[in-house]
Amino acid sequence: MTTFERGQLQRIRLHVLPTKRFKTFAISLFAGLTLDEATVTPVALLPFVLRRGTADLPETISFREKLDDLYGAGFGFDVYKRGDSQIVQFRMDVINDAFVSSSTPLLAESLQFLGDVVTDPLLEKDAFNSKYVEAEKVTLKKRLEAIVNDKIRYAAERCLEEMCADEPYRLHPLGKLAEIDSITPASLYEQYEQWLDQAALDLYVVGDTTLAEVTELVTHAFKLKEGSPSTYATPNVHHKVKEVKQVTERMEVSQGKLNLGLRTGVGYVDDEYPAALMYNGILGGYPHSKLFLNVREKESLAYYAASRLDGHKGLCTIQSGIEFANYDRAVVIIKEQLESMRAGNLSELELNQTKAMISNHLRELQDSAYEMIAYDFNGVLTGKHRSADQLLEQVQAVTPADIVKVAEGVQLDTIYFLRDRKEA
Amino acid sequence: MQTLNYPNVQETLYREVLDNGLEVIVLPKEGFNKTYATFSTKYGSVDNHFSVGSQTPAKVPDGIAHFLEHKMFEEPTGDIFAVFASQGASANAFTSFDRTVYLFSATEQIHANLETLINFVQNPYFTDTNVDKEKGIIEQEINMYRDNPDWRVYFGLIDALYHKHPVHIDIAGTVDSIRQIDKEMLYQCYETFYHPSNMLLFVVGGVQAEEVFQLVRDNQKAKNFEPQDAISRYFDDEPDSVKIKRKVTELPVSLPKCMLGFKDKRAGLTGEALLRQEVTTKLMLEALIGPSSKLYQQLYEADLISDSFGHEYNSSTGYSFSVIGGDTRSPDELIEQFRSAVEAALASGIEPTAFERSKRKKIGGYLRMLNSPEAIAGEFTRYRFRDSDMFDVLDFYEKCTIEDVNARLREHFDFEQLAVSIVEQPTA
């Protein structure tokens, strides 16, 4: 696999992967800041306001028309948590000029567009445009209020919130509803300036280009301040669980959502990380895993029963949708699977299947520009650069004893259940 | 083996129809690690009344195509997911209105995985016990969707649009309908719709075309399929009108969800004509209500829509309708403002600049789609089952004129043909 070429321009780190494999250029800008109660809400609001207009394209409609003119360039953003950081990610993808009769160089235009969005917004004196700020405050509110609509995600987030009640990680990446009203166009602009000064900034480009070309284009496209890049702090993944938290919440639902939160004590930087990936894979990452086989196939209790590993925070979460009356049985069966992992009931077949699946995933991600970017960014985020090929080798070398060692360190922290309003 | 060159998108496709009727398409993607394969039958949730040759037509319970999809993964030797996992492949399947698709993606052991895919789909194994066991799992799947407001508002709309056509039936059926399913019915549906002549194998990724064809030919030669007469599908006459003008569902939601659907009176298009109508309609909708349209901005500024607002167009020979909507503080105001804006557009036509921009956007979107093996396989199969070619889409977008779009605008937006589906907070 070809690797990213690295560069730096003032506060931005540049990562460019020259390849002719795609019909597009994929661009991502990551801006990360430590997750903090005081800043989480205004920082979440920033990308919403920035995508309304720039100094050059002040009207939202002309801003969006520009994207259509660039052959429907994709433009979007996301705000999420990784480890103890709140990350704002802007994404653009635009087709390679070779496929269309375009008079404008599409990569240059796209980087200019992104540069304007992030570094040359529409301003009124020392504040953002007040109409856009007020409208996007409403949008952000709606987004936070809408979390409850998708019960599967709602339950997953509530479980994390309960589990991490004493850590910044309890915060939702989109911030707090109650803090939105007090944000003003001026206070937001102040926050924006700080954010540009402090955030870790990483710009990725994948496509038929070079680091030299991207460096040149970014120099013109971004209004950058002097300075050097910020780095991410490494989160502490060691957390002693005193007693298992049990939370039941009631709502008008047809199906119960059962979520369990586990602490693995293993982070992305640790040598045990490949074994933790194997632990999660055998427990519940796949349709051949213990949770799927025992909760769904053997007992017909659920349609989905799976686990997910968060290496940046050292968590493993389990989620399943069950009938309300089956709560006790489902919890018992899930705990049995955790115990079985600890006891080392790991068959040769499970081991081989899981290694094959993880390896496949690591090879497949090299076919997608955005997945390559996301994978590489793990290295930036943690300071631990482990190529997909290296991780693949490390996973292949994991032994049952390594997995049992991870299992012994796994602590059940929280059991969260979303159920109906009828009393049992 | 037929070679199909598409120089404008720099792709080459290889195609062969085997003696038993199975159509095989291979699209080699240079430099890709991954191979993605789909094995699809032209059989979905709408095919609930059918016959083969001169057989007596049969009616089967709602949700049976989806039930069958679940049950195909069980073999006498156990669960087929385990075999795929041992071969490093991630496998899945889904059932839509008009097709059932089995798939895997893998970076190694491609030949073994292809054999596994073909063999498990061509080897049904249903017993009374395993059919019964599946009912509990599918009940939970149905309940999961019942709690999902996006799903409910969307399927609520289709239910409001159609009186008779089975597109209005939930793909998974209901808890009651799936209880009626037994193994004999599953075998009957299987024998009817899983004949190779009703199926398409699509392989895309880092493969050599001739190797794939050789493997599939050898695999099929070793199996015996009697030739099958044509399948007849029966649909009751669908009235032009919508069934319910306004359908309201209560679920806990932060804001009401509101979707507007316009039902085309003219159904029955096939092949190229169907594809052309789809392209024209999508372009028209994009120009009228896409994110860069005046209407979108107007509704956003009136706080009537959010980023969830979108549109789509769904069409096949038996049904065709648009879906427009998202979260809104006021369904009534949204409908009213939408209506007056559409009426203005009906009088003035689509703005030429908006038309040109939307065309560029659609062409760009189409080319971007070609980066994704999953999207290529999915779209190619969808179009192929409607007797059209996905690779014609680009040309149709390029040739579409503003006159086509305006004619379509006036034909499609007939407010007599409007149904509205709303999901809102329970009143109490």
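This is a predicted model: local features need pLDDT of at least 70, side-chain atom pairs count only at pLDDT 80 or more; totals for chains, interfaces and linings use all residues.
**Figure 1. Chain A as a whole.** Along its principal axes, the C-alpha trace of chain A extends over about 60 × 50 × 40 Å. The radius of gyration of chain A is 23 Å, which agrees with the value near 22 Å that a compact globule of 424 residues would have. Of the 424 residues in chain A, 50% are buried. Among contacts in chain A with a separation of 6 or more, 81% are made by residues 24 or more positions apart.

**Figure 2. The two domains of chain A and the contact between them.** Where the two domains of chain A meet, domain 1 contributes 21 residues and domain 2 contributes 23 residues. On the side of domain 1 of chain A that touches domain 2, at least two residues each come from strand 2 (12-18), strand 3 (24-34), helix 5 (151-163) and strand 8 (200-207) of chain A. Helix 5 of chain A gives the most to this side, with nine residues. Sorted by class, the side of domain 1 of chain A that touches domain 2 holds 13 nonpolar, three polar and five charged residues.

**Figure 3. A view of L412(A) and its surroundings.** Residue L412(A) sits in strand 13 of chain A, which runs over residues 411-419. Is L412(A) buried, exposed or partly exposed? Residue L412(A) counts as partly exposed, because 17 C-beta neighbours lie inside 10 Å, whereas a buried residue would need 20 or more and an exposed one 12 or fewer. Once its neighbours within four places in sequence are left aside, L412(A) is in contact with V244(A), L260(A), L262(A) and L338(A). Another residue, V332(A), is 80 residues from L412(A) along the chain, and the C-alpha atoms of the two are separated by 13 Å.

**Figure 4. The contact between chain A and chain B.** Where the two chains meet, 53 residues of chain A and 53 residues of chain B take part. Several elements of chain A give two or more residues to the side that touches chain B, including helix 2 (60-69), strand 5 (85-95), helix 4 (130-145) and helix 10 (290-298), together with strand 11 (302-310) and strand 12 (315-322). Helix 12 of chain A, residues 348-364, is also one of these elements, and the largest share of the side of chain A that touches chain B, nine residues, comes from this helix. By class, the side of chain A that touches chain B is made of 20 nonpolar, 16 polar and 17 charged residues.

Figure 5. The mean pLDDT of chain B is 95, and 100% of its residues reach 70 or more. Chain B is assigned a domain 1 at residues 2-233 and a domain 2 at residues 246-424, with 28 Å between the domain centres taken over C-alpha atoms. The contact between the two domains of chain B draws 34 residues from domain 1 and 28 residues from domain 2. Strand 3 (23-28), strand 4 (35-41), helix 5 (149-161) and strand 11 (199-205) of chain B are the elements that give two or more residues to the side of domain 1 that touches domain 2. Helix 5 of chain B gives the most to this side, with 10 residues. The classes on the side of domain 1 of chain B that touches domain 2 are 19 nonpolar, six polar and nine charged residues.

**Figure 6. Regions annotated in UniProt.** In chain A, an unreviewed UniProt entry places the feature "domain: Peptidase M16 C-terminal" at residues 182-356, a stretch that is 41% helix and 22% strand, with its end C-alpha atoms 52 Å apart. In chain B, the UniProt annotation "domain: Peptidase M16 N-terminal", from an unreviewed entry, covers residues 51-174; over these residues the chain is 48% helix and 17% strand, and the end C-alpha atoms are 24 Å apart. The UniProt annotation "domain: Peptidase M16 C-terminal" of chain B, also from an unreviewed entry, covers residues 181-361, where the chain is 44% helix and 20% strand and the end C-alpha atoms are 46 Å apart.

Note on methods: Residues are numbered from 1 along each chain as its sequence is written. Chains are lettered from A and ligands numbered from 1 in the order in which they are written. UniProt positions are given in the numbering used here, feature names are shortened, and annotations may be inferred rather than shown by experiment. Helices (H or I, at least four residues) and strands (E, at least two) are DSSP runs, numbered from the N terminus. Two residues are in contact if their C-beta atoms, placed from the backbone, lie within 7 Å. Ala, Val, Leu, Ile, Met, Phe, Trp, Tyr, Cys and Pro count as nonpolar, Asp, Glu, Lys and Arg as charged, and the others, Gly among them, as polar. pLDDT is the predictor's confidence in each residue, from 0 to 100. Domain bounds come from an automatic or database domain assignment. The radius of gyration is taken over C-alpha atoms; the globule rule is 2.2 Å times the number of residues to the power 0.38.
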